[in-house]
Structures are given as C-alpha cells and as structure tokens.
Amino acid sequence: MAQNRTHRIVLAQPAGGPEVLRIEEQALPAPKADEILIRAAACGVNRPDQIERLGFYPAPKGARPGLGLEVAGEVIETGADVSGFAVGDEVCALVSGGGYSDFVIAKAGATLPRPDGLTLEEAAGLPETVFTVWTNVFESGALQPGETFLVHGGTSGIGTTAIQMAKAHGARVIATAGTAEKCALCRDLGADIAINYREEDYEVICREAGGVDVILDMVGGSYVQKNINIMNPGGRLVSIAFLQGSRCELDLMLVMLKRLTLTGSTLRARPDTEKARIAAAVRDHVLPWIEAGKVRTVIDSRFELDDVRSAHERLDGGQHSGKILLIP
C-alpha cells in the first residue's frame, strides 16, 4: 500500500456534546508486525465513545487517535507476524481507538472472522459488546446454566447481547428497560421476565421471582444496594458503568451474610495479550452460538460517517434499542 494513503478519523476536541465531533483526514500508517489493516464496512457506536467525547474516558497509552472501539470490514494488509488472517478476509475487531474511520488498524489478536450468517454491518456491532459480556458475565460473574441472571439496560448494545448469550448458556434471564416496547424486545430476545423500571420496582419483582445469582449493572448509584438486597447466597454483582454515578452509601452486612462477590472491570485499557485471550474464548464459545442463530446483533440505526454528530445525538437521547452503526 502506498505510504501516502490517508484515512478519515473522528475527533472530539474540545470535550463536549455531539457538536464538538469533527472529521479529520490524517496519514494512514502501515500496520505493525502484529496488526492488520481493515477497510471498514461499518463501525460501532458505544457508550464509552460518548464518555470519551465528554472528556471523562481518556484513551489508553498507545491507542490510535480518534473515537471508536469496534469495526468490521475487509482485510487489505497484514503485518509481518500475523497468521490466521489474509488479504480479502472479512473480519470484525475490537480496537482501543480510531474505530470511526474508513480504514482501521487492529491488533490481530483482537480480531475475529465475520461469523457465518451475519453481514459485515451486523458483525461491526459484535466485538465491544461480546467481549464485554463474555469477560464480565461468564468469567468474572461465572454464570452457570440454571442460574438466574439480571441485566440492567436490557435494550442497550450490551444488554441485548447479554440477554441472548445468557439464554444460550441455559440461564434464566431477567432484564430491566424503560418502556413497554423495550420490555417487549427484551422478551423477544429471550428474557424470561422484563421489568419496566419506570413503572415497576425491580427489587420487588426479583424477590418474588426467587432472587438472582449474577447481575450485570450499568447504573450504579442507588441500584447497588437494591442489587445486593435481591442477590441469592453466593451471588456475583458485576459493575461495568455508572449512569447514576460511581459513589453510593451501602450496608455491607448482606455481602458477608450471603457471601456475595462485588466486582467490575473496564475493557479498553487491558493489555493486548489479555484482549487476545478474550478473543480466543469468544471464538471458541460465542461464535458457535452466533452461527447457530442463538445470538444476533440488534441494529437500531445507521448513519453515514459524515453524520457522526447525529449518531451521537441518537446515543445521547437514550431512546435507541441495540447498536448504532456508522457507515464510512
């Protein structure tokens, strides 16, 4: 590839609302020995992108400039040490930055083949959500078949994926969402119980349902104590975001009495070796569910890359269900 090739990236400078987003054309570097260059067919838009745009989620050291954490497209160049991928392969990848672009450089270890049965657009909505759900629900949360799993924000990109993966694993699934329509989508995706948190008290309903064993929480704040209250002995609470804030007042007595585990994680700053390990686990355990039709990407809307501000306005509004995609 010619060394003077350029690509478009999306920057948020200064931090702020969608209006601060701008597209800049920059030189496109050649992939390093362990990297691949992807011609993007679609890029996923995620909540961490919003938080970075607002100035609260700085990119880790070494990340490519620009917003965006996931992409799908065609391999057009590979680094010297890359094996398992070749020019012309259709792939999806988790990246640490620069995912909103027409050409994206990804670590080969964090790249997956496009699953059979999915389009490239559908595959673009997989990496950030599937990697996150696998490591938090199945590794940290150790969800087992037959256990009861609760996910808050059931129609978010993470939520729609978590419902399907937990159900494919044989768990009983409870989800919360903010409208009757969103609750209906949760049930369509496999949730056994869908709770409209604006009209119902999820703590009461979960108690009546026999409690929960694993919770994936993106809310924080007042939800943390309520989550602890409804967990069964040996339960695991995994926090991955804090829409109500990361600070709260807790009575930890139930944590001791019920032998609960409170944990959480972020994905972006993990070492490349850790992301490669997660990718291998996803390839072994999750891709078969996807290819069997048990897990699919729920796409809310598509926007041209030039219309990235509208995509973030949709994200900020909170009315979306599933993934928002950018099409370069």
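Author: The account below begins with the sheet and then turns to a helix contact and to single residues in loops.

This is a predicted model, in which local features need pLDDT of at least 70 and side-chain atom pairs count only at pLDDT 80 or more, while totals for chains, interfaces and linings use all residues. Residues are numbered from 1 along each chain as its sequence is written, and side-chain values use heavy atoms, with hydrogens and water left out. Helices (H or I, at least four residues) and strands (E, at least two) are DSSP runs, numbered from the N terminus.

The open sheet has 6 strands in the order β10-β9-β8-β11-β12-β13, and their pairing is parallel; two strands pair if DSSP finds at least two bridges between them. Strands of a sheet pair through backbone hydrogen bonds, either parallel or antiparallel. At the edges stand β10 and β13, each of which pairs on one side only. On average, neighbouring strands of the sheet are turned by 15° against each other, direction ignored. Helix α7 (residues 223-230) packs on the sheet and touches β8, β11 (212-217), β12 (231-239) and β13; contact means heavy atoms within 4.5 Å. The direction of α7 makes about 150° with that of β12, where angles run from 0 to 180 degrees between N-to-C directions and axes are lines fitted to C-alpha atoms, for helices over the stretch in contact.

Strand β9 (residues 172-177) and strand β10 (residues 193-196) run parallel and are joined by 4 bridges. Opposite Ile 174 stands Ile 193 in β10. From β9 the chain passes through helix α5 (residues 180-188) to β10 in a right-handed β-α-β crossover; right-handed means that, with the strands pointing away from the viewer, the path from the first strand over the helix to the second runs clockwise.

The axes of α3 and helix α9 (residues 272-285) come within 10 Å and cross at roughly 85°. Helix α3 is therefore roughly perpendicular to α9, a term for angles of 65 to 115 degrees. Helix α3 contributes Val 130, Phe 131, Trp 134, Thr 135 and Glu 139 to the contact, and among the residues of α9 that take part are Ile 278, Val 282 and His 285. The residues of this contact divide into 7 nonpolar, 2 polar and 3 charged; Ala, Val, Leu, Ile, Met, Phe, Trp, Tyr, Cys and Pro count as nonpolar, Asp, Glu, Lys and Arg as charged, and the others, Gly among them, as polar.

Ala 142, in the loop between α3 (127-140) and β8 (148-151), has a positive phi of about 50° although it is not a glycine. Ala 142 is partly exposed, with a relative accessible area of 29%; buried means under 20%, exposed over 50% and partly exposed in between (1.4 Å probe, protein chains only). Arg 259 also has a positive phi, near 55°, and is exposed at 56%; its place is the loop between α8 (253-257) and β13 (261-264).

His 320, in the loop between α11 (308-317) and β15 (323-327), counts as buried because its relative accessibility is 8%. Not counting residues up to four places away in sequence, His 320 touches Arg 47, Thr 155, Lys 182, Asp 300, Arg 314 and Leu 315.

How values were computed: Parallel < 35°, antiparallel > 145°, perpendicular 65-115°, else oblique.
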